[in-house]
Amino acid sequence: MAKAISLRSKAQILCRLSASPQQAARRLSLSGDKVHARKDAHSNLLSKKETSSLYKIQFHNVKPDCLEAYENLEAEVQNKLHQDKDYPCEVVGSWTTWYGEQDQAVHLWRYRGGYPALTDCLVKLKNNKEYMEFRKERAKMLISRRNQLLLEFSFWNEPLPRPGPNIYELRSYHLKPGTMIEWGNHWARAIRHRQENNEAVGGFFSQIGHLYVVYHLWAYESLQSREETRNTAWLKEGWDVNVYNTEALIKRMESKILIPTKSSPLQ
């Protein structure tokens, strides 16, 4: 009888170990054991409170024969919005893809003041006849477009204008749901390994659009400089541990090499 009970106990332990996190949490709640849940949204725990900035990233797939006209039109409109203090938005950077999805433009906008600033800007633009004409003209040049709203990681640099020439790498990480806090904890320690050459531009995570997406934006003098900088990171104590710990959190990842447009504040 004692042996049978022992075998049953071992089977129950193995069953619990093989269960998914959701199944394990349900069994714990049913059995009366306490489950320690996060007490706040990861957006509140990971983002910068002092700036209250909201970011929007845009991906525009442009008709190949319209790329030059598209860049000129975008530059004209961006400059007008920058000069008009009535609009609480600013373009952080604009690029076209060199390696990655071809004939694609990427724009990063900042709204200082968060969601109220975004709403205020959208209302004003909707009533701006010149801007609405721009949208109609731009639509003729596009194949598709998408955007996301992002927050900035508290431990990353704020992206500020910089001189060129530089190439930029936009690395996107699609994380497993529920792992954003763990990702942030690892990168809060690891980012110091990637700041000596001023290559770290900005780090963001999605709020609206595809969720659990992280964007890291890096600047390099060249592809050769990129390779050398990344290789140097592996010589620093703790970098290998960070890579090991974060690899398990990722569902998929992508890298784009970007060239700044002539009007981009990030050159």
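Predicted model: local features only at pLDDT ≥ 70, side-chain atom pairs only at ≥ 80, totals over all residues.
A salt bridge is a side-chain nitrogen of Lys or Arg within 4 Å of a carboxyl oxygen of Asp or Glu. Residues are numbered from 1 along each chain as its sequence is written, and side-chain values use heavy atoms, with hydrogens and water left out.

**Confidence**

Colour the protein by pLDDT, the predictor's confidence in each residue, from 0 to 100. The average is 84, and 81% of the residues score at least 70. Helices (H or I, at least four residues) and strands (E, at least two) are DSSP runs, numbered from the N terminus.

**The barrel**

Select the strands next. In what order do the 8 strands close into a barrel? The order is S1-S3-S2-S8-S5-S7-S6-S4, with antiparallel pairing. Two strands pair if DSSP finds at least two bridges between them. Strands of a sheet pair through backbone hydrogen bonds, either parallel or antiparallel.

- Strand S2 (residues 90-99) and strand S3 (residues 104-112) are joined by 6 bridges; valine 91 stands opposite tryptophan 109 in S3.
- S1 and S4 run antiparallel and share 8 bridges; phenylalanine 59 has arginine 146 in S4 as its bridge partner.
- S4 and S6, also antiparallel, are joined by 4 bridges; here leucine 151 stands opposite phenylalanine 205 in S6.

**A buried serine**

Select serine 47, in the loop between helix H3 (42-46) and S1. Is this residue buried or exposed? Serine 47 is buried, with a relative accessible area of 12%; buried means under 20% relative accessible area, exposed over 50%, and partly exposed in between (1.4 Å probe, protein chains only). Leaving aside neighbours within four places in sequence, serine 47 is in contact with Leu151, Glu152, Ser154 and Phe205. The C-alpha atoms of serine 47 and phenylalanine 205 are separated by 8.8 Å, although these residues are 158 apart along the chain.

**Salt bridges**

The structure holds 16 salt bridges. Show glutamate 90 and arginine 110, whose closest N and O atoms are 3.2 Å apart. Glutamate 90 lies in strand S2 and arginine 110 in strand S3, so the pair ties together parts that are 20 residues apart in sequence. Arginine 110 is buried at 4%, whereas glutamate 90 is partly exposed at 21%.

Arginine 110 also meets glutamate 158 in a salt bridge (3.6 Å, N to O). Glutamate 158 is in the loop between S4 and S5, 48 residues from arginine 110.

Finally, select glutamate 169 and arginine 171, which form a salt bridge with the closest N and O atoms 2.8 Å apart. Glutamate 169 is buried at 0% relative accessibility, and arginine 171 is buried at 10%.

Key
Contact = heavy atoms within 4.5 Å.
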